[in-house]
Amino acid sequence: MEFSCVHFLQNKTILVTGATGFLAKVFVEKILRVQPNVNKLYLVVRASDNEAATKRLRTEAFEKDLFKVLRDNLGDEKLNTLLSEKVVPVAGDITMDHLGMKDSDLRERMQQDIDIVVNVAATTNFDERYDIGLGINTFGALNVLNFAKKCVKAQLLLHVSTAYVCGEKPGLLPEKPFVMEEICNENGLQLDINLERELMKQRLKELNEQGCSEEDTTFYMKELGMERAKLHGWPNTYVFTKSMGEMLLGNHKENIPLVIIRPTMITSTLFEPFPGWIEGLKTVDSVIIAYGKGVLKCFLVDVNSVCDMIPADMVANAMITAAATHAGGSMVHMVYQVGSSHQNPITYGEIREILFCYFTKNSLRSRNGSLITVSKMKLIPTMALFSLYMTIRYKLPLQLLKLVHIIYPSREGDKYKNKNRKIDMVMRLVKLYEPYVLFKGIFNDRNTKNLCAKQKEEDTRNSENLMFDFDPKIIKWKDYLINVHIPGLITHVLKK
């Protein structure tokens, strides 16, 4: 990095896919706040036309609390001027050729102007339909690469993946690209991505020919995704399709410099633009809120397993720093694992104590206004023990309720069905979360640590006061969870 990140961003034209997503918005806000002299930000969103894309970006991004610091600093009029001059909403779809852009003039102009391509678009559902997961996470990534190759000034493709593409491997997990030819399952079956797509298409065709409803088709396509993922050694469709996306990028990058950012579980902002901003419930947050509401008294978790979290603003800082470092580099194919487990780990057992402390002192209220009392969550270390616990604690009493339902169907029917549905939902969630709450891997972040050290030197040299810091060692977990993250969840998610 020969000059500061702020200087690097000046006069750059940047394409960002998935622009209404949580991380993409933090990334875009940071650029506009620290470098209003960026040339253009082309923001790709799913929409019928560019007018609809403009409206969607306004309502789902620029009118959000995330932009209030920028709004307060500039005022409404200046912010609107900045957005109209610097931001170009683009209706598109990365599952299609040319990113689904219908406006050929706009597309040609973009291909002449763009310096940096940033792919943040993804579907993050663990059990996504296989056709959708392949379309967005796997072949969508390849479509973005193909578009980047047509950009005459393109200096870099920065692709956001996930650290959990590693699967369920234990131990210290390296920052290295996938080599597709090395991917075999335990039976020696070679992964063939094109074959996966053909299997998906064939299954979809069969379901259509059978006249399956949309609901049934969704169910069977989800089943297919999980089946194929597990066959090849991944725990779910999400990480399997993201892994294949990385493989395609590595195999087809040619001369385009490629940087892959692999964040762990992304949480609320630590510092910027203000502490605690978050949107929607991310992985571990569903458990936090359910516990605070008093509806989750036990969960499948190994108390000694590390919960690898990283605040969103740190991920955005790592993305910008990596882009500034590698743009224009020859034969670049770098991987950065952005997380905390290697340098500043926190265990699920420690989190349990912090949650109990927080919700004991800051009780949530039930719908009738009464304070909700929480007890310390019971953490069960194996799936076998959890299933046994659920059977004894809930399923056996439920059988008695079922008997009442049979004898007096009009009296207890709804109660039985509701409780049964809740237990089924808990078991389904637990099975989806199992690979992560029992995860025994630690993400080696040597590349990221070196990048962070160089960034700190540059910030100091350019008097930028660690404007792009992403060092996980500075996170004080108890303070962050109690004073930043959980209050952020309650303010920005629960109350809305």
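# Close-up views of a predicted model

**View 1. Ile-288 counts as buried, because its relative accessibility is 2%.** Buried means under 20% relative accessible area, exposed over 50% and partly exposed in between, with a 1.4 Å probe and protein chains only. The model is predicted: local features need pLDDT of at least 70 and side-chain atom pairs pLDDT 80 or more, while totals for chains, interfaces and linings use all residues. Residues are numbered from 1 along each chain as its sequence is written, and side-chain values use heavy atoms, without hydrogens or water. Ile-288 sits in helix 11. Helices (H or I, at least four residues) and strands (E, at least two) are DSSP runs, numbered from the N terminus. Leaving aside neighbours within four places in sequence, Ile-288 is in contact (heavy atoms within 4.5 Å) with Leu-355, Phe-359, His-485, Ile-486 and Leu-489. Ile-288 and Ile-351 are separated by 63 residues in sequence, and their C-alpha atoms are 9.5 Å apart in space.

**View 2. Helix 11 covers residues 283–292 and is largely enclosed by the rest of the structure.** After helix 11 comes Gly-294, which has a positive phi near 80°.

**View 3. Met-319 is one of the residues with the most contacts inside the largest nonpolar core.** A nonpolar core is a set of buried Ala, Val, Leu, Ile, Met, Phe, Trp, Tyr and Cys residues joined through side-chain atoms within 4.5 Å. The largest such core has 166 residues, and Leu-32 and Leu-158 join Met-319 as those with the most contacts inside it. Neighbours within four places in sequence aside, Met-319 is in contact with Leu-23, Phe-27, Val-118, Val-120, Leu-158, Val-160 and Ile-261.

**View 4. The peptide bond from Glu-272 to Pro-273 is cis.** Omega of this bond is near -5°. Pro-273 belongs to the loop between strand 8 and helix 11. Most residues other than glycine have a negative phi, and most peptide bonds are trans.

**View 5. Asn-11 has a positive phi although it is not a glycine.** The value of phi at Asn-11 is about 65°. Asn-11 is in the loop that runs between helix 1 (5–9) and strand 1 (13–17). With a relative accessible area of 53%, Asn-11 is exposed.

**View 6. Glu-254 is another residue other than glycine with a positive phi.** Phi of Glu-254 is near 55°. Glu-254 counts as exposed because its relative accessible area is 54%.

**View 7. The whole protein chain gives the setting for the close-ups.** The chain has 17 helices and 13 strands. Its C-alpha trace spans about 75 × 55 × 45 Å along the principal axes. Of its 496 residues, 54% count as buried. Among contacts between residues at least 6 apart in sequence, 82% join residues at least 24 apart.
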